[in-house]
Amino acid sequence: MHSSRLLAPFVLAGSVLAKQCLNITVPVSISARNGVFNIPTLEGNADATTFAQNLTSIRGNFTQEALLGYETVAGEFDISVKFCRPDAENGTNPTVQVLTHGLGFDKTYWDLPFDDYNYSYIDVAVDHYGFCTLSIDRLGEGNSSKADPLSVLQAPAEMSALYELTMMLRNGTLPNVPRAFSKIVHVGHSFGSALSYLLAVMHPTASDGLVLTGFSQNGSFLPTTVASWDNKLARLNQPLRFGNISYSAVSEALLPLSNLTGQISSSLAKYNITLGEVLQYSQTTDLGDLIAGLQPTQLPKMADLPSGYLTWTDAGSNQFAFLLPGFFDPSILQFAESSKFPYTLGELLTIGSGPLMAPLFKGPVQILTGRQDAIYCGGDCLATGDPALASIPAKSKMAFPLARTFEAYIQPDTAHGINLHYNSTGAYNVIQRFLTREGLGPS
């Protein structure tokens with residue numbers, strides 16, 4: 001336990017700090033040993049289902065069955081990042097947190113534009129504790145460069161991009177950020193945690209500390225997740241955002257319907273159906289995804305994606321994987337579904353490709369996972385079946401034999417999408433206090 005007295009300077013400072021943020025496009029050269037997979041081109045949603053059936057079958061290891069070998073993938077890509085710092089930095093030795101999102105999100109996971117940003121992780125880290133942050137759109141997502149969803153967008157290549165950004169921060173060469181950082185910590189969520197873990201395996205001195213949220217090394221529940229998603233081609237699921245349908249053409253086609261609301265309501269009333277019920281249906285099924293993008297938005301344009309970009313079917317699939325009923329604002333589910341981002345064949349094939357141990361990493365490690373996480377804990381992170389094991393994530397202590405400190409914190413009343421729950425800021429404070437206690441706070 002650390003004393004509240006130790007935290008007082010940071011909390012008091014946070015009450016008067018405000019963040020300054022800068023969006024930057026960073027050219028990054030990557031080199032990675034990627035897998036070569038024998039996966040046929042997906043022509044439609046039925047092919048996406050077939051892929052999921054093969055990936056989740058217990059008859060064997062489909063990833064290994066499809067693996068033909070390895071090749072070096074190299075090239076230069078643009079990575080979209082958002083750098084934030086306190087308006088008035090305290091001290092001369094700031095700490096930067098590198099924030100990496102998981103599947104289905106972009107970098108706004110860390111600064112959700114929902115409910116006046118009351119769910120913002122960055123606000124807590126920067127304004128309340130004085131950290132700097134660098135949130136990134138992973139390679140292939142958001143405003144970052146798109147790439148082949150099977151041969152390029154795999155865990156090794158995305159980790160390579162993360163490493164290069166880390167070295168720019170370390171060396172003071174990140175564009176428009178004129179300083180080098182001697183204290184760099186990596187905070188990930190889900191697949192972003194897997195990438196941060198892989199960074200610690202491959203480059204154990206690149207990071208000074210790890211915070212892995214929505215994470216464990218128990219992958220036995222992943223098939224259930226993939227099945228629950230009922231995978232679709234992203235370009236077909238949300239064609240206005242991810243396909244090649246023109247927004248202006250659709251708007252023009254729907255314009256005549258805007259004057260028919262009264263007639264539609266009258267017709268529905270004959271069958272005891274309200275317009276509100278119809279709207280609720282559209283929001284909670286894949287019809288809601290079909291029309292996502294009709295409203296003006298600041299979301300990145302990811303039009304005309306190739307068929308290897310996938311997404312889950314609808315809001316029900318989203319809730320099953322990410323949210324705990326009764327502990328989230330119902331409106332945030334609709335927000336999350338309409339603003340979701342795709343994932344790729346290559347990511348699904350390599351999500352569990354990292355070694356079981358990070359034997360040379362010496363910094364502190366915190367795993368923070370929601371107790372009701374379905375993806376990595378099957379819905380209860382405390383159900384270990386072993387009285388000597390406090391939680392499923394706690395088993396990962398064996399993966400970090402040289403870590404200065406290891407902590408597995410289980411966030412109550414929370415599922416996999418930690419940042420979307422009512423008590424998200426409680427989790428944020430747990431993370432900042434851990435980093436501060438471990439000497440990785442700004443100084």
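The model is predicted: local features need pLDDT of at least 70 and side-chain atom pairs count only at pLDDT 80 or more, whereas totals for chains, interfaces and linings use all residues. Residues are numbered from 1 along each chain as its sequence is written, and side-chain values use heavy atoms, with hydrogens and water left out. Helices (H or I, at least four residues) and strands (E, at least two) are DSSP runs, numbered from the N terminus.

**Helix H6**
- Of the 12 residues of H6, 11 are buried, so this helix is largely enclosed by the rest of the structure; buried means under 20% relative accessible area (1.4 Å probe, protein chains only).
- The buried residues of H6 (residues 191-202) include Phe191, Tyr197 and Val201.
- They pack against strand E3 (95-100), H5, strand E5 (183-189), strand E6 (209-213) and H16, where contact means heavy atoms within 4.5 Å.

**Helix H7**
- Leu222, Thr225, Val226, Ser228 and Trp229 are the buried residues of helix H7 (residues 222-229).
- They cover an arc of only 165° around the axis, which puts them on the same side of H7; the arc is that of the directions from the helix axis to the C-beta atoms.

**Nonpolar cores**
- A nonpolar core is a set of buried Ala, Val, Leu, Ile, Met, Phe, Trp, Tyr and Cys residues joined through side-chain atoms within 4.5 Å.
- In the largest one, of 103 residues, Ile39, Phe51, Leu165 and Leu310 touch the most other members.
- Helix H5 (residues 155-171) gives the most to this core, with nine residues.
- A second, separate core of 14 residues includes Tyr197, Val201, Ala358 and Phe400.

Conventions:
Buried means under 20% relative accessible area, exposed over 50%, partly exposed in between (1.4 Å probe, protein chains only). The expected span of a helix is 1.5 Å times one less than its number of residues.
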